[in-house]
Amino acid sequence: MPCQSFDYSSIGFNNNSGEIYGDRRKKVAIVGGGNWGSAIACVVGKTVKAQSDVFHPTVNMWCRDSRKRGDTSSSIADIINYTHENPKYLPGRRIPENVIAMSSLRDACESAHILILVVPHQGIPQICSELRGKLQEGAHAVSLTKGISSTSENDVVKMQLISEDIEKALGIECSVLMGANLAGEVADGKFCEATIGCKSLKNGEELKMLFDTPNFRIRVTTDYEAVELCGALKNIVACAAGFADGLGWAYNVKSAIIRLGLLETKKFVEHFYPSSVGHTYFESCGVADLITTCYGGRNRKVAEAFIKSDKPLQVVEQELLKGQSAQGPPTAQDVFEMLEIHKLTEKFPIFTSVHKVFVGEHGETELYDSLRNHPEYD
């Protein structure tokens with residue numbers, strides 16, 4: 001039965017002043033109501049209540065209203081507020097009652113001091129455009145978004161991080177959180193860990209307070225470029241692992257994909273961000289996240305289904321993810337285009353071959369050869 005519209009005034013929230021009846025504690029907003037956004041809401045909803053001297057205990061969560069014109073059914077935001085569950089993207093997990101879902105991006109975010117961005121990287125430009133100039137003074141963000149971007153200076157195309165896009169668009173500092181964690185397990189409170197990469201240790205430590213729990217352990221580093229790129233590039237490697245599963249390749253092959261994929265990740269980071277440090281690959285965002293995603297993530301799942309069928313990628317995603325998307329394929333395309341511009345494709349055969357499999361230029365033989373003839377064996 002359709003839910004009634006939720007009365008946001010019932011929580012005593014003053015959007016214009018950004019305060020809760022004069023309360024100056026830090027207000028948190030989550031941008032994104034998919035499975036990962038909902039899982040993080042399960043964590044943050046509890047930590048803000050446990051630290052009510054630092055954070056305001058109400059967390060806003062923006063959920064895109066995907067209803068078509070004339071659709072009289074309830075929005076996903078209203079459903080979450082009345083059932084405290086996201087039945088579309090994270091069924092069976094209870095979202096804390098102090099997490100208030102909203103369909104208006106501006107209403108959800110304009111009072112926030114900390115923005116948690118959990119949306120596909122393709123949606124970042126539009127979201128930042130809507131929020132530009134409408135945030136609290138001194139606000140900062142943390143991105144859980146996986147992907148890469150680029151910029152052009154004097155006709156030279158350069159690598160750019162999604163967090164850098166956010167910083168330029170919003171004029172605020174943006175940290176990143178990446179790690180070996182699957183949304184359902186995080187929401188269930190199972191033990192896992194993550195890495196926060198930040199420019200400012202002050203913001204990094206504040207974010208650790210926000211996310212860290214006995215079962216969601218956080219480590220902080222200023223090597224934010226490597227943290228963010230590990231989170232993005234692991235999805236490409238996971239697609240290669242999914243192809244291997246779909247083609248019935250041996251466990252030894254999949255192990256090689258993970259090892260060589262980690263080496264390609266490290267080489268990519270060192271080429272475009274040579275100031276990065278080596279220890280980051282041994283953090284949760286590095287090898288741990290890579291292993292988890294290659295065995296349990298949505299990118300592995302989508303890639304396996306794609307290579308076993310003759311269906312277009314969009315159809316496979318719709319069937320498996322019910323409206324969400326895998327970030328591996330678009331990230332593989334972005335990375336391939338960057339490598340091609342810089343004439344580096346031969347040094348990154350797995351990254352290159354994954355993209356070419358998705359666009360139909362490579363098949364099983366070429367993918368296998370990208371492993372057997374990898375430059376790491378030279």
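**Exercise 1. Over residues 223–362, what percentage of the chain is helix and what percentage is strand, and how far apart are the end C-alpha atoms?**

Solution. Start with the ground rules. This is a predicted model: local features need pLDDT of at least 70, side-chain atom pairs count only at pLDDT 80 or more, and totals for chains, interfaces and linings use all residues. Residues are numbered from 1 along each chain as its sequence is written, and side-chain values use heavy atoms, without hydrogens and water.

Helices (H or I, at least four residues) and strands (E, at least two) are DSSP runs, numbered from the N terminus. Over residues 223–362 the chain is 73% helix and 0% strand. The end C-alpha atoms are 35 Å apart. UniProt, in an unreviewed entry, lists this range as "domain: Glycerol-3-phosphate dehydrogenase NAD-dependent C-terminal". Such annotations may be inferred rather than shown by experiment.

**Exercise 2. Describe the packing of H8 and H14.**

Solution. Take the geometry. H8 (residues 224–246) and H14 (residues 349–358) pack at about 65 degrees, axes 9 Å apart. Axes are lines fitted to C-alpha atoms over the stretch in contact, and angles run from 0 to 180 degrees between N-to-C directions.

Then list the contact (heavy atoms within 4.5 Å). H8 contributes Leu-233, Ile-236, Val-237, Cys-239, Ala-240 and Phe-243. H14 contributes Ile-350, Phe-351, Val-354, Val-357 and Phe-358.

**Exercise 3. Locate the UniProt "binding site" residues and characterise Lys-146 and Asn-299.**

Solution. The unreviewed entry gives Lys-146, Arg-298 and Asn-299. They are spread over 154 residues of sequence, yet cluster in space: the largest C-alpha distance is 13.0 Å.

Lys-146 sits in the loop between E7 and strand E8 (148–153). Asn-299 lies in helix H11 (residues 298–308).

Now check burial. Buried means under 20% relative accessible area, exposed over 50%, partly exposed in between (1.4 Å probe, protein chains only). Lys-146 is buried because its relative accessibility is 15%. Asn-299 is buried because its value is 5%.

Finally, compare partners beyond four places in sequence. Those of Lys-146 include Asn-235 and Gln-327. Those of Asn-299 also include Asn-235 and Gln-327.

**Exercise 4. Is His-140 buried or exposed, and which side chain makes a polar contact with its side chain?**

Solution. His-140 is in strand E7 (residues 140–143). At 4% relative accessibility, His-140 is buried. Its side chain makes a polar contact with that of Glu-206, at 2.6 Å. A polar contact is a pair of N or O atoms within 3.5 Å; within protein, one must be able to donate a hydrogen and the other to accept it, and residues adjacent in sequence count only if both atoms are side-chain atoms.
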